[in-house]
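I opened this notebook to keep track of what I looked up. The entries follow in the order of my reading.

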Amino acid sequence: MAAAAGGAEGRSPPSGPSPRPGSPPSPAWGSAVVVLSSDSEPEVVPLAERVKRRLPRGRPSAEGSAALGEGPCGSGQRPAAGGGGQAGTGGVLGAEIRHWGGANGAGGVEGAAPGLSGAALTEPEARPGGSPPSGGSAETSPVPKRRKYSQKEREAMRQAAWQRRKEREARKKEQEQEKERKKTLAKILKAQRPGECQKYITVVLDPAILQVEGGAQVLAALQSANYSCVVERQAVPCSITWRRKAVIPQTEDGDEWTEEPNVLVLLRLEEFLSMVRGYKQEAQGCAEGQKETLQSFVAQVLKKMPGKILAMTVVEVEKYFRCLRAQSKKRLQQARVHRNEGDEQRRKEVQDSGLEISRLDVEEALVDLQLCTQVPVTFFASWEEVGEFATMFSKAVAEAPYKRQQENTGFSFYLENKWCRGVKVDPSGKGLFEVWKRQIQQFNRVSLEMAEAVVTAYPSPQLLDQAYSRCSSEQERENLLANILVRRGEGVTATSRRIGPELSRRIYLQMTSHDPDLYLDATG
């Protein structure tokens with residue numbers, strides 16, 4: 001208690017109402033140091049009161065007891081921990097008592113009044129910052145408890161989480177597949193474009209082509225056009241087929257190839273003439289020998305290569321006809337020299353002439369072949385032309401998928417782009433001539449050439465109206481445009497005709513009539 005008293009002397013207690021003398025002392029308040037607030041001003045304590053505070057516990061003087069008994073607890077009751085009210089001795093807190101214990105350690109809980117409860121002394125320590133309560137009894141807030149789920153609820157939560165994760169993975173996989181599909185489609189479309197499609201085409205030639213006279217020229221022409229060429233034995237001798245490389249292989253074994261449906265057969269001149277001769281004999285009713293014809297040859301090819309689109313070429317047919325004409329002239333000259341020879345020589349000449357094939361025989365055989373099988377046969381003068389044709393044919397085969405896709409517009413009819421879109425007219429008047437031509441072309445049975453002839457003679461509707469006003473009679477106005485020439489074609493095939501009175505009358509009525517219901521085709 002001496003140390004506590006020394007601490008009280010060293011520090012002036014806070015200001016507050018001093019206890020009045022004569023009050024009954026509190027039994028547990030003799031050794032307590034009273035501190036009201038750290039913010040209050042210090043007050044000088046008299047010497048007598050300081051001496052009373054130094055007295056041992058349980059032996060307070062009457063005067064001191066009377067002095068301490070006055071105040072909020074003057075009735076002899078013990079002050080409540082954390083009690084509010086006036087800033088006197090009744091507002092003493094355990095934390096403040098601990099504070100005035102000082103460094104000597106004599107104060108604190110041990111020097112506190114016995115009437116103060118332990119909760120009042122320890123409560124400020126449990127609060128954050130050690131701040132004393134503002135009033136009333138302190139109550140600790142309850143800690144929120146974590147909810148406990150049942151086994152069934154936990155299982156449902158796990159199933160929902162697994163389902164959400166599965167849906168996310170499925171959406172992610174679907175997005176990746178869609179991205180890969182678009183990438184593959186773009187790559188396929190790029191491979192079908194002209195200039196790129198040739199890289200995926202391989203030309204397959206039969207070895208018999210290289211054994212003929214101009215077969216090497218055909219191979220050289222294909223290689224010069226940067227086509228990949230392979231020499232393999234085909235089902236039909238002297239034939240050319242094509243293979244297309246898959247842009248996206250379906251297997252990892254290697255490149256995938258698909259056979260194109262086209263096949264080109266190179267017929268030698270002797271084989272072709274023999275087939276035409278067989279057709280001629282069959283047409284004449286000669287059943288001897290039953291020689292092969294063009295139709296029978298095509299049937300054999302399609303049997304060996306079912307589903308193929310066949311085309312055939314023949315070289316030097318014109319050369320054969322030239323030689324035939326030369327031989328005919330030579331025989332005529334010899335016939336004039338040996339005019340008096342016997343009948344045996346004449347019969348031999350007739351037999352030799354029956355074996356010859358004329359141009360008419362060839363044309364008849366080709367017409368019959370195309371009507372029955374729709375297989376085209378192309379003639380070439382040299383093997384160099386055959387090589388160029390094989391190159392063009394290969395390009396057409398390579399670009400066939402791209403052209404089929406371009407033609408698939410979804411319409412059953414073809415709309416010309418130039419005719420469907422409108423005519424743009426500039427502020428300067430450029431484009432009005434085209435509008436005027438379109439107006440004339442809207443008449444029934446008026447072609448582009450006829451419209452161009454009219455607008456060339458009268459470049460604007462105003463000029464045509466002025467020409468009508470200069471005419472002296474109605475008949476002259478109706479026939480004003482009748483003699484305008486319409487030219488078609490160019491060069492030696494160019495033709496010309498007149499507009500005619502019928503169209504001239506319709507244009508005149510359309511330009512001058514005030515009847516909105518006039519039907520032009522029914523007039524006259």
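Entry on rings. I count two rings of Phe, Tyr or Trp (its six-membered ring) as a pair if their centres lie within 6.5 Å. The model I am reading is predicted, and I found that it holds six aromatic pairs. I looked up Phe272 and Phe379, which form an edge-to-face pair with 5.5 Å centre to centre and 75 degrees between the planes. Phe272 lies in helix H9 (residues 269-284) and Phe379 in strand E6 (residues 377-380), so this pair ties together parts that are 107 residues apart in sequence.

I then checked the cover of both residues. Phe272 counts as buried, at 0% relative accessibility. Phe379 is partly exposed, with a relative accessible area of 31%. I also noted a cluster in which ring pairs link Trp242, Phe380, Phe389 and Phe393.

Entry on backbone angles. Asn226 has a phi of about 65 degrees. I placed Asn226 in the loop between helix H8 (215-224) and strand E2 (228-231), where Asn226 is exposed, at 66% relative accessible area. For Arg445, phi is near 60 degrees. Arg445 sits in the loop between helix H16 (432-441) and helix H17 (448-457), and Arg445 is exposed as well, with a relative accessible area of 60%.

Entry on charge. Which residues form a positive surface patch? I found Arg164, Arg165, Arg168 and Arg171 there. I placed Arg164 in helix H6 (residues 151-192), and Arg164 is partly exposed, with a relative accessible area of 47%.

Technical notes
Residues numbered from 1 in each chain as written. Predicted model: local features only at pLDDT ≥ 70, side-chain atom pairs only at ≥ 80, totals over all residues. Heavy atoms only, no water. Patch = residues over 30% accessible without salt bridge, like charges linked within 9 Å, V, L, I, M, F, W, Y side chains within 5 Å. Areas by Shrake-Rupley, 256 points an atom, 1.4 Å probe, with all protein chains shown as cover. Salt bridge = Lys/Arg side-chain N within 4 Å of Asp/Glu carboxyl O. Lys, Arg positive; Asp, Glu negative; His and termini not counted. Charge placed at Lys NZ, Arg CZ, Asp CG, Glu CD. Helix = DSSP H or I, 4+ residues; strand = E, 2+ residues; numbered from the N terminus. Buried < 20%, exposed > 50% of the residue type's maximum accessible area, 1.4 Å probe, protein only. Phe/Tyr/Trp six-rings, centres within 6.5 Å; stacked < 30°, edge-to-face > 60°.
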